[in-house]
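Please look over the sequence and the model shown here before reading the report that follows.

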Amino acid sequence: MAFDGITVASVVSELDRALAGGRIAKIAQPEADELLFTIKTPDGQKRLYISASASLPLIYLTDESKASPMTAPNFCMLLRKHIGGGRIASVRQPALERIIYIDIEHLNELGDLCTKKLIVEIMGKHSNIIFCDADGKIIDSIKHVSAQMSSVREVLPGREYFIPDTMSKQNPLGVDFGTFSHTLKNKPMPLGKALYTGFTGISPVAAEDICYLSGVSSDLSAGDISEDMSIHLYRQLTYYMERVSEQDFHPVIYYKNGAPVEFSSIPLSHYGAFEKKEFSSISEVLSAYYASKNTITRIRQKSADLRHVVQTALERGRKKLDLQEKQLRDTKDREKYKIYGELINAYGYNLPPASKELSCLNYYTNEEIKIPLDPAKTPQENSQKYFARYNKQKRTFEALSELIEATREDILYLESISASLDIALSEADLAQIKEELMISGYIRRKFTKKKTKLTNKPMHYISSDGYHMYVGKNNLQNDELTFSFANGNDWWFHAKGAAGSHVIVKSGGEELPDRTFEEAGRLAAYYSKNRGSDKVEIDYVEKKHVKKPNGAKPGFVVYYTNYSLVIDSDISKIRAVH
């Protein structure tokens, strides 16, 4: 669900109860667009996380801390100077906007009581954290927005803060029926879209739920609905807004096949078929729903340079493979030239001088054949010409066959690194992938030839039958997992013919149950290029049968006897060990 005005109202209600009266003990800025406040309240210490990320803006209470840079950024230093030790007076929301005002009282240099406002705007790519004085003048912001960047509003020190009204939406809190009906009638679009584009703070999911509760299809044209339908819609919107005004929130996450698909501050009736989990606070919901997404988003941003290196090398490798395969196809007639040479030697003795063609029986096929000749050459010279062409194409074929095999291995290897980047969860994972690219020569090692010492661990799961299963996050880890960590009787799994992780199941010398084989196969399918497929072929074998050829690239192994299974890539029911 979008972080809409209803969700913001729920967050504001929770933050005001939890933080009002609390003292700001610490202010940190872990990322360029993030803040983390530590606040001492009568109920104990609280942490407030705020992100103005363009891809994932968030605000919620958390128990987790985050590492901060050694030198605090300027915006963080400014906040520490002005409101460090300040008291949070209130947390509020204007109308149903996706905006949060945090009013903070503090003493200035003269000891006088002053008020400042920290304004958090949760607006997608336009999200921001803005610091203002009591009169609404901007002191600074975590993102500066100049007139060249936005024609609607500048966000710069010294400017007056205001909320831009770009959509001319109505406030659904207390809207009368006449305004409600008029707003819908003037929107020639589906009813659900008319609701969320016509009224502040309503997301597409909330609009769909209001239509569902009203018994009116959200696909109907808003301009064509009857007055009776308008009354039903207005009544349900009013009920929704009464719950918001009364702070009657019941945060919930909806799941499908174990994966979260939606969250809401108010239970969604049209999601009745989904598995539902209720939470005591909206912060718990946002943390549970977005924590992994936020981590993945950040890691993807930080891995952009590595992805560029890998994608550039992949594109170059694929172009090289296309060219080599085209050149190989040009050698497909090489045997024909050998036969031409032999037939000219066999039948060319009685050819008239300056002949342009030899017609004879091809004794390999018992068919008549016509061989083009160069009339300026003798039969023997024509024969030598065809043998020379045959030998040249034969050498080309042999060389290209080796080159194509090497290029395909390079592409498969780069695809495995790309898959490793997709499952990287920490900067340590990225550091190990970067080290691997240096070892393989795709990135030049700067300043020093010394290898980086890396200590990140593989992913760890436990099967339903209690067996420990380990998944390599990258090729260096795959090698270590398979050839240093695993014992001979442990089981090794990998997606057949696809880039992916090595999966090791520690057998402890016991015979594994079928269910453990299936779960290990699902892990190998999920952590491979074929993730998401319903049917993925998996090779598995005892580790003692897996070998690494001399000089092979990281992660590359061979095995000659193996078992196979076909399985899906759903790992939602496999327990992970963190």
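## A helix and a sheet

The buried residues of helix α3 are covered by elements that include α4 (191-198) and α6 (227-245), where contact means heavy atoms within 4.5 Å. This is a predicted model, in which local features need pLDDT of at least 70, side-chain atom pairs count only at pLDDT 80 or more, and totals for chains, interfaces and linings use all residues. Residues are numbered from 1 along each chain as its sequence is written, and side-chain values use heavy atoms, with hydrogens and water left out.

In α3 (residues 177-185), the buried residues are F180, S181, T183 and L184, buried meaning under 20% relative accessible area with a 1.4 Å probe, protein chains only. Seen down the axis of α3, these residues fall within an arc of 160°, so they line one face of the helix. The N-terminal end of α3 is capped by D176, whose side-chain oxygen lies 3.1 Å from the backbone nitrogen of G178.

Seven strands form an open, antiparallel sheet in the order β20-β19-β17-β18-β16-β15-β21; strands pair if DSSP finds at least two bridges between them. Both β20 and β21 stand at the edges with a single partner strand each, so one side of each is left without a neighbour in the sheet. From one strand to the next, the twist averages 30°. Antiparallel strands β17 and β18 are joined by three bridges, and W491 has V505 in β18 as its bridge partner.

| Strand | Residues |
|---|---|
| β15 | 459-462 |
| β16 | 468-471 |
| β19 | 536-542 |

Helix α13 (residues 514-526) lies across β15, β16, β17, β18, β19 and β20, running at about 40° to β17.

Definitions and conventions: Helix = DSSP H or I, 4+ residues; strand = E, 2+ residues; numbered from the N terminus. Axes fitted to C-alpha atoms, helices over the stretch in contact; angles between N-to-C directions. Buried < 20%, exposed > 50% of the residue type's maximum accessible area, 1.4 Å probe, protein only. Arc of directions from axis to C-beta. Polar contact = N/O pair within 3.5 Å; in protein donor to acceptor, adjacent residues only side chain to side chain.
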